[in-house]
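The paragraphs after it move from overall form to single residues.

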Amino acid sequence: MTAAGPATTTSTTTATTATATTATTATTATSPSRPRLVDGRGELSGAVTRALRTGGPPVYAPGAVLKADPWGEDLQLALYLLYELHYRGFDGVDDAREWDPHLLELRQAMEARFVHALRTELSDGPDTVEDAFAPLLVEPVDLSDSLSHHLETEGLHWQLREYAALRSLYHLKEADPHVWVVPRLTGRAKAAMVAIEYDEFGAGRADRIHAKLFADLMGDLALDPTYGRYLDQAPAPLLATVNLMSLFGLHRALRGALVGHFACVEVTSSPGSRRLAAAMRRCGAGPAAEHFYAEHVEADAVHEQVVRHEVIGGLLADEPDLEGDIAFGCAATVLLEDRLAHHIREAWARGRSALRTPLSGV
């Protein structure tokens, strides 16, 4: 078994971490805003969990990352846990672990495994913005594979609850990963991106922040709106969709891919949100549940135009060499959303939960 990171840096890192821990004791106290650290699902996620709980480096076997399934529960949870250190962290975990070199080394290795898997799957994917987005701008005639169409036409109340619990891992921090691209943009792209994010964060009103609106939706569905509450129940296909945003957001080199991801979400959001609003209304989920999606129907129809013409257009005017990255970001988003939808539909078709453990309550 080996600890990540060169042995020559261990003593310095330990001393630095100890100093940081002493200086930030208040940040490791119990806090309702921090999610609970969950148990691992394999060697890598178990190593991360133990490291965060003990304050030590992650310990795992040589070659463990290369042997890990890039789509599997273990690697995806390990990535999610490490990415969460850049958001709110975890209850009882020192904020200084965000920049722990041993954790960052492990994260980098797992990211390389994840990106390689994505690029392999998309080896024949689009190279241009037009090729990436053209299929998304036309409503498909056949919606039989559409998850939102299923929920609109025949979804059951318990399925709406599961869908919301799964999506809460992103929607309770909606738009947060995309903010990281703002300082990496200039001119038109930057101004347009900030304008869209301003809407996402409530246009100056705390009660209209989209994450707050989703928390209200969860209340209507008798779900716990606590940030990160359903992490332990979220399967790998869901974790991968959130990890993709964090991966793109945390790497300046992937700024084009993050813009492609953001644009893909905005382009596809309005029709899907219309169907989901109808699903909530049909099942009597409640006014807040319906309002969250109804809000996105209108807002994202406008955002779609701004992000395509101003954010992407502005970025390509400044950095035309990023077109392939933008296309990759869009294609990767579609790929992972399709994988998640397949996972959910397959589980429901078999009459079982799409979560790792079924929801309790209503």
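Among contacts in the protein chain between residues at least 6 apart in sequence, 82% join residues at least 24 apart, where contact means heavy atoms within 4.5 Å. This is a predicted model, in which local features need pLDDT of at least 70 and side-chain atom pairs count only at pLDDT 80 or more, while totals for chains, interfaces and linings use all residues. Residues are numbered from 1 along each chain as its sequence is written, and side-chain values use heavy atoms, with hydrogens and water left out.

The protein chain has 15 helices and 2 strands; these elements are DSSP runs, numbered from the N terminus, with helices being H or I of at least four residues and strands E of at least two. Along its principal axes, the C-alpha trace spans about 60 × 50 × 40 Å. A compact globule of 362 residues would have a radius of gyration near 21 Å, and the 20 Å of the protein chain agrees with this; the radius is taken over C-alpha atoms, and the globule rule is 2.2 Å times the number of residues to the power 0.38. Of the 362 residues, 51% count as buried, a word that here means under 20% relative accessible area, with exposed meaning over 50% and partly exposed the range in between (1.4 Å probe, protein chains only).

We can now turn to pairs of helices. Helix α2 (residues 43–54) and helix α5 (residues 101–121) pack at an angle of about 160°, with their axes 12 Å apart; such axes are lines fitted to C-alpha atoms, for helices over the stretch in contact, and the angles run from 0 to 180 degrees between N-to-C directions. That angle makes α2 roughly antiparallel to α5, given that angles under 35 degrees count as roughly parallel, over 145 as roughly antiparallel, 65 to 115 as roughly perpendicular and the rest as oblique. On the side of α2 the contact is made by Leu44, Val48, Ala51 and Leu52, and on the side of α5 by Leu103, Leu106 and Met110. By class, this contact of α2 with α5 has 7 nonpolar, no polar and no charged residues, where Ala, Val, Leu, Ile, Met, Phe, Trp, Tyr, Cys and Pro count as nonpolar, Asp, Glu, Lys and Arg as charged, and the others, Gly among them, as polar.

Helix α5 also packs with helix α15 (residues 323–349), at an angle of about 90° and with the axes 10 Å apart, and the two are therefore roughly perpendicular. Here Phe114, Leu118, Arg119 and Glu121 in α5 meet Asp325, Phe328, Ala332, Leu335 and Leu336 in α15. The residues of the contact of α5 with α15 divide into 6 nonpolar, no polar and 3 charged.

A further pair is formed by helix α10 (residues 187–200) and α14, whose axes come within 7 Å and cross at roughly 155°, so that α10 and α14 are roughly antiparallel to each other. The contact of α10 with α14 includes 9 nonpolar, 4 polar and 5 charged residues.

What does Glu310 touch, not counting residues up to four places away in sequence? Glu310, which is found in helix α14, touches Arg188, Ala189, Ala192, Gln305 and Leu315.

In helix α13 (residues 255–282) we find Ala263, which is buried, with a relative accessible area of 0%. Apart from neighbours within four places in sequence, Ala263 is in contact with Phe133, Val307 and Ile312.

Finally, consider the backbone in two loops. Ala175, placed in the loop between α8 (157–171) and α9 (176–179), has a positive phi of about 80° although it is not a glycine, and Ala175 is buried, with a relative accessible area of 1%. Ala222, in the loop between α11 (210–220) and α12 (236–250), likewise has a positive phi, of about 60°, without being a glycine, while at 42% relative accessibility Ala222 counts as partly exposed.
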